[in-house]
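Hi,

Here is the structure I promised to pass on.

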Amino acid sequence: MSKAAVIVAIGIAGLVGCGSHSSSAGTGALSPEATQGRQLASQFHCTDCHSPNGAKRQGPTWKGIWGSTVQLDDGTSAVVDTGYVAESIRQPQEQVVKGFAPIMPTLALTDPQIAAVTAYIRALGTG
């Protein structure tokens, strides 16, 4: 294969990899914002309690949670969306998922940081 053909093949592969976040999450291909969110989740130790792969930890897994309805310990439910994630980061004791202890600390993330973490959770798939 010629050098030009390799460059074209790489370019096409890159375009194919630019699909939806949820379909590319399993391959490790994340948007820049989701990649930043993954880094922030590691930096702030979010993934110590929230697994990105379905493993059971002290908090709900993020794998496939986006768009799902979670049951809360107060008997209500909530859809995991942008507002829910932001609220859970800003006031984690307000909407605790049933079956989990209210141990998440309040984090002082900026709006762009919350948006990045949200993009990462969304990239991990829908429920």
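Below is what turned up, starting with the charged pair.

Before that, the ground rules: this is a predicted model, where local features need pLDDT of at least 70 and side-chain atom pairs count only at pLDDT 80 or more, while totals for chains, interfaces and linings use all residues. Residues are numbered from 1 along each chain as its sequence is written, and side-chain values use heavy atoms, with hydrogens and water left out.

There is one salt bridge in the structure (a side-chain nitrogen of Lys or Arg within 4 Å of a carboxyl oxygen of Asp or Glu). Arg90 and Asp111 make it, with 2.3 Å between the closest N and O atoms. It ties together distant parts of the chain, 21 residues apart: Arg90 sits in helix α4 (residues 82-90) and Asp111 in helix α5 (residues 111-123). Helices are DSSP runs of H or I, at least four residues, and strands are runs of E, at least two, numbered from the N terminus. Asp111 is exposed at 52% relative accessibility, whereas Arg90 is partly exposed at 38% (buried is under 20% relative accessible area, exposed over 50%, partly exposed in between, with a 1.4 Å probe and protein chains only).

Helix α5 also holds Thr118, which is buried at 2%. Leaving out residues up to four places away in sequence, Thr118 touches Trp66, Thr82 and Val85 (contact means heavy atoms within 4.5 Å).

Lastly, Ser68 lies in the loop between α3 (32-43) and β1 (69-71) and is buried at 17%. Its C-alpha is 5.6 Å from that of Val80, 12 residues away in sequence.

Cheers
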